Amino acid sequence: MSLPVVPDTETILRSCARVLQDVVLPGLEDDWQRFSAALMVGSLQYAIGVMHEDRGAAHRAELATAIAGLKGDLAEEELGAAAANPSPFEVASAMLVWAEEHPGAQAEAVRAALYPVLYRQMEQEAAAATPMMEAFGVAMRGRKDE
């Protein structure tokens, strides 16, 4: 007698994605069902990627570091309540709004520090969401051969 081995979460998700993609999806005729199944395949693949890397924590830490370098340049009264917000995304948003409303060297420094970080993070998230977006595109085209 052997002990049962419980599969890890990634194996379960990969199995679900494969069954949906190879068994369920090819047999679906209804466009809405095909769209939903294809989106589920992409979502499962995205979830597997999320399991391997906590990009959210990395993004918050990176943005908090960029903000820390700017906080001395912007007084808390200039940012209002957002300065005390624990979310670096909220603080960055308040800083960028302030920068739009107060043109000048200080505003340029805010944009120069935050834009590259935020753009890089957006590109990373867009790349990570590629499986979902590809599934969405296939489903929207209504192709039955993929």
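Is E62 buried, partly exposed or exposed? E62 is partly exposed, with a relative accessible area of 26% (buried means under 20%, exposed over 50% and partly exposed in between, using a 1.4 Å probe and protein chains only). This is a predicted model, where local features need pLDDT of at least 70 and side-chain atom pairs count only at pLDDT 80 or more, while totals for chains, interfaces and linings use all residues. Residues are numbered from 1 along each chain as its sequence is written, and side-chain values use heavy atoms, with hydrogens and water left out.

- The whole structure holds 6 salt bridges (a side-chain nitrogen of Lys or Arg within 4 Å of a carboxyl oxygen of Asp or Glu).
- E62 pairs with R120, and their closest N and O atoms are 2.4 Å apart.
- This pair links distant parts of the chain: R120 lies in helix α6 and E62 in helix α3, 58 residues apart (helices, H or I, of at least four residues and strands, E, of at least two are DSSP runs numbered from the N terminus).
- R120 is partly exposed, at 36% relative accessibility.
- R55 and E125 also form a salt bridge, at 2.6 Å from N to O.
- That pair too joins distant parts of the chain, with R55 in α3 (residues 55-71) and E125 in α6 (residues 105-128), 70 residues apart.
- R55 is buried at 10% relative accessibility, whereas E125 is partly exposed at 26%.

- R18 and D22 meet through their side chains in a salt bridge of 3.4 Å, N to O.
- Both residues sit in helix α1 (residues 9-24), 4 residues apart, or about one turn of the helix.
- R18 is partly exposed at 49% relative accessible area, and D22 is partly exposed at 42%.

**Packing of α3 and α6**

- Two packed helices are described by the angle between their axes and the distance between the axes.
- The axes of α3 and α6 come within 9 Å and cross at roughly 175° (axes are lines fitted to C-alpha atoms, for helices over the stretch in contact, and angles run from 0 to 180 degrees between N-to-C directions).
- α3 is therefore roughly antiparallel to α6 (under 35 degrees is roughly parallel, over 145 roughly antiparallel, 65 to 115 roughly perpendicular, and the rest oblique).
- The contact (heavy atoms within 4.5 Å) includes R55, H59 and E62 of α3, and R120, Q121 and E125 of α6.
- Its residues divide into 11 nonpolar, 3 polar and 4 charged (Ala, Val, Leu, Ile, Met, Phe, Trp, Tyr, Cys and Pro are nonpolar; Asp, Glu, Lys and Arg are charged; the others, Gly among them, are polar).
- Q121 of helix α6 is buried, with a relative accessible area of 4%.
- Q121 touches H59, E62, L63 and F89, not counting residues up to four places away in sequence.

**Packing of α3 and α5**

- α3 and helix α5 (residues 88-101) pack at about 40°, with their axes 9 Å apart.
- That angle makes α3 oblique to α5.
- Among the residues in this contact are H59, L63 and I67 of α3, and F89, V91 and M95 of α5.
- The residues of this contact divide into 9 nonpolar, 1 polar and 2 charged.
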